[in-house]
Amino acid sequence: MTDDARPSPDALLREAQREGRGTLKIFLGAAPGVGKTYEMLLEGAEKLQADADLVIGIVETHGRRETEALVSPLPVIPRKSIDYKGQTLTEMDLDAVLERHPQIVLVDELAHTNAPGSRHPKRWQDIEELLAAGIDVMTTVNIQHVESLNDVVGSFTHVRVRETVPDKVFENAEIELIDLPPEDLIKRLDAGKIYVPDQARHALEHFFSKGNLLALRELALRHAAQYVDARIQEHRSVTGKENGYAGGQRILVAISEAAGCEQVVRAAKRLADALKAPLIALYVETPRAERFSDAEKTQLARNLSLAASLGATLQSVPATSVQEAMLAQCKELRATQLVLGRSRGKGGWFGRRDGIVQDILDGTTGIAIHVIPFQDTPRGRDWRRLWPRGSWTGDVVAIGAVGALTLAAFLAQGWISRGPIDLLYLLPVIFSASFYGFRAGLIAAIAAGIAYNFFFLPPFYTFIIYGPVNIITAVLLVVVAIITGQLAARARAAAALAMRSARENAGLARFATRLGAASTTEETAQLIRDELRSLLAVQTIVLHRSGDSVEISAFGQTKPKLSPIDQAAAEWVMEHGEDAGLGTNTLTASEWQFRPLKTSLGTLAVLGFRGPPGRDPIPTERAALAESLIDQAALAHERLKLETDMRDMEVVRQRDSLRAALLASLSHDLRTPLTAVTAAAEALSATGDEAELVETVRSEARRLNRFLSDLLDLTRIEEGAVTPDLVPTDLTDVIASAVGDLAKTLAGRKVQTSIDPNLPLVRADAVLLNHALLNLVDNAAKYSPQEEPIEIIARMGRRGPVIDVLDGGPGIPQGSEQRIFDRFARGETSDRTGGSGLGLAIVKGFAEAMGFTVEAARRQGGGSRFTIRIPHDATVHVSMEDIA
């Protein structure tokens with residue numbers, strides 16, 4: 001197998017991370033009324049008939065009789081009432097659903113905004129919590145609610161949708177497109193099946209016009225196809241099959257403080273999704289950023305936050321020239337697509353458009369450049385912007401330096417001529433601009449021109465200038481002084497940016513070095529806290545898991561006391577691996593912002609940040625630096641955990657080796673005396689003496705022999721010694737053989753078999769599959785009453801043949817569906833039945849050895865269902881020509 005044909009480690013890792021999570025199915029429609037809720041309820045009813053544990057979390061019928069008819073037979077979790085401003089609102093009772101913990105829950109309207117007082121602001125966040133709890137969710141949404149398509153929909157519908165869903169919600173979901181031609185949808189609207197007549201007429205004139213519906217339908221079709229294609233690529237990455245896809249695209253989007261930049265970011269996200277390419281958001285920090293107004297700083301933070309929420313990697317680069325920095329980053333990051341924004345409004349005070357876009361177009365080759373025009377918010381002409389910002393200290397120093405030089409020149413003019421005095425005036429200009437910025441240099445230049453004219457140009461001690469030579473001299477002095485001061489100010493700004501960048505890089509390098517030397521979690525946590533506090537200039541704490549909660553493990557001189565809302569936010573981050581607290585979408589009332597230290601191993605710790613009152617926890621200009629520091633901190637925790645796990649694995653490996661050797665030895669050594677005991681019992685039974693005692697010896701010897709056989713099988717499975725002989729096998733024969741082998745065990749019991757006669761042959765090891773069925777049927781006999789029937793059903797499922805073994809016992813305890821297959825795991829009545837706890841572990845081992853899967857579920861009304869699923873590619877289809 002070549003390297004290209006191997007499964008992708010990242011794809012396999014993502015598959016592993018999905019284990020234990022519920023699956024999300026989204027019914028996607030182009031517009032209201034296409035039948036999303038109706039289709040979801042139909043599929044829910046089918047699953048309920050198939051014995052699935054399904055409930056309705058919340059469904060909006062909107063008074064439609066067809067929908068209400070589908071809801072009525074389904075179990076519904078009662079809604080939770082919330083009092084808000086004198087009104088009673090109802091929302092899905094998230095805690096009730098989690099406590100009920102069904103297999104599947106139906107949650108309508110994915111983009112819905114929850115009532116104030118709910119745990120999460122958005123319903124999609126409720127669904128994320130359900131998925132994390134292992135509950136499958138089916139939901140509905142319209143295409144106009146997708147975050148990255150918000151601007152596109154608004155551009156032709158002229159309706160701005162406020163309730164949006166992040167694109168990341170769709171990434172791991174199964175999407176079913178509910179499609180309805182616009183003509184049929186308009187007929188439904190006219191028939192009053194969507195809105196009441198007055199609302200229907202208004203909708204037809206606006207949102208539901210045929211042109212809008214056609215455009216929405218196209219968006220929905222493209223969006224669904226895009227995610228289906230992404231799932232295909234993911235499947236091919238996992239299986240390692242060649243897909244012929246040529247990647248290598250990298251999308252770079254420029255971020256600025258302009259309000260219209262949000263449209264640019266969304267356009268870049270759509271482009272990245274279409275090309276299946278990573279998205280990098282680049283912000284070039286120039287000296288001009290120091291003169292940003294509060295509104296501009298807030299808008300910049302919003303633009304960066306939107307880019308991060310859409311999955312972009314943030315990059316912040318300090319530079320004196322935006323053009324040069326972007327061109328350098330394009331080369332360094334090997335970007336293939338560059339997305340820029342350009343305001344339709346005029347820039348500058350003389351109506352000149354910004355030349356950044358044109359400069360980048362002229363300076364790039366081999367890169368596709370997308371220019372997104374947007375209408376920026378018009379700014380009033382604030383005349384204060386003409387005057388550069390600076391400190392009053394610099395102004396005073398500039399005037400003082402010019403005055404001191406004037407006094408010195410005036411006193412020395414007797415022994416030096418007036419010729420070089422104009423050049424001496426450049427000294428205070430350069431000094432002021434170098435140490436206090438351009439404004440101080442500009443003031444020094446103007447003051448120098450005035451002083452030179454007043455004291456050293458005839459007529460003296462007046463502001464009148466006679467003669468063209470003197471005029472030219474005075475003007476040139478001011479012009480040269482301004483230019484020199486500007487160059488000095490730029491050099492100072494470039495030096496300041498370089499020093500800051502060098503300081504941050506040195507801090508990152510020092511941070512990485514110190515993390516590498518840390519050997520304990522406590523030492524690492526305190527080091528992380530100290531470095532982040534120093535580099536980000538905000539209060540920082542580190543929290544680790546402690547039992548069912550999280551506790552502060554690293555802090556400053558005094559340990560801060562977290563409020564209940566702060567504690568809840570920190571626990572949420574640890575549990576779900578997402579940001580929470582101030583400045584996020586979850587538990588925003590917290591005074592802290594909590595960020596997860598998340599790696600492929602899960603969330604290992606939580607960082608808490610708190611800035612001064614009225615300030616963001618992490619300043620905008622430090623956002624990219626903070627991301628780098630958090631990533632390094634997470635990797636340090638991952639390294640410590642991997643080292644600990646490797647030490648533990650070595651201990652477990654040695655222990656398992658000894659245990660396997662002991663089990664194998666015991667199984668073989670006990671088999672000989674057990675055989676002798678069984679033979680003696682058989683001989684005694686022939687004499688007829690003490691028949692009851694002899695039968696007890698025989699039954700217990702058989703049970704002990706079965707236990708030893710299980711031990712041997714389990715040892716073979718764990719040592720990888722099970723090599724299945726996969727040949728075409730008839731499931732009817734295997735099931736009949738298993739029932740026949742258990743004839744004595746099933747004596748007096750009712751066994752019902754239902755086998756689909758159209759089932760194909762499957763590639764399986766008949767001995768292993770027979771053994772697995774023996775254990776499942778024997779388990780059903782042990783854990784169900786004598787009068788309850790045992791059902792064996794072989795049918796064709798969606799993905800291949802399925803064998804179900806059902807019993808009428810007490811059922812599997814809620815939440816133990818996976819644990820029941822562990823070694824020595826026993827049911828609630830195992831003491832009565834005398835089970836060893838190895839049978840189901842053997843079933844799972846044999847099934848996985850053949851490439852099958854086995855599942856356990858609790859039946860409604862009592863009892864358990866054990867299912868062996870055979871993949872479709874393991875079926876064998878025999879044609880009549882093959883038989884001939």
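This is a predicted model: local features need pLDDT of at least 70, side-chain atom pairs count only at pLDDT 80 or more; totals for chains, interfaces and linings use all residues.
Arginine 610 is partly exposed, with a relative accessible area of 25% (partly exposed sits between buried, under 20% relative accessible area, and exposed, over 50%, using a 1.4 Å probe and protein chains only). Its salt-bridge partner is glutamate 591, with the closest N and O atoms 3.4 Å apart; a salt bridge here is a side-chain nitrogen of Lys or Arg within 4 Å of a carboxyl oxygen of Asp or Glu. The pair links distant parts of the chain, 19 residues apart: arginine 610 is in strand 17 (residues 602-610), and glutamate 591 is in the loop between strand 15 (580-581) and strand 16 (593-599). Strands (E, at least two residues) and helices (H or I, at least four) are DSSP runs numbered from the N terminus. Glutamate 591 is partly exposed too, at 49%.

Residues are numbered from 1 along each chain as its sequence is written, and side-chain values use heavy atoms, with hydrogens and water left out.

By the salt-bridge rule, the count comes to 22. One of them joins arginine 21 to glutamate 128, at 3.5 Å between the closest N and O atoms. This pair spans 107 residues, from the loop between helix 1 (9-18) and strand 1 (24-29) to helix 5 (residues 123-132). Arginine 21 is partly exposed at 36%, whereas glutamate 128 counts as buried at 17%.

Arginine 859 and glutamate 791 also meet in a salt bridge (3.8 Å, N to O). Arginine 859 lies in the loop between strand 23 (853-858) and strand 24 (864-869) and glutamate 791 in strand 21 (residues 790-796), so parts 68 residues apart in sequence are tied together. Both belong to a network of salt bridges that links Asp51, Glu791, Arg795, Asp804, Arg859 and Arg865.
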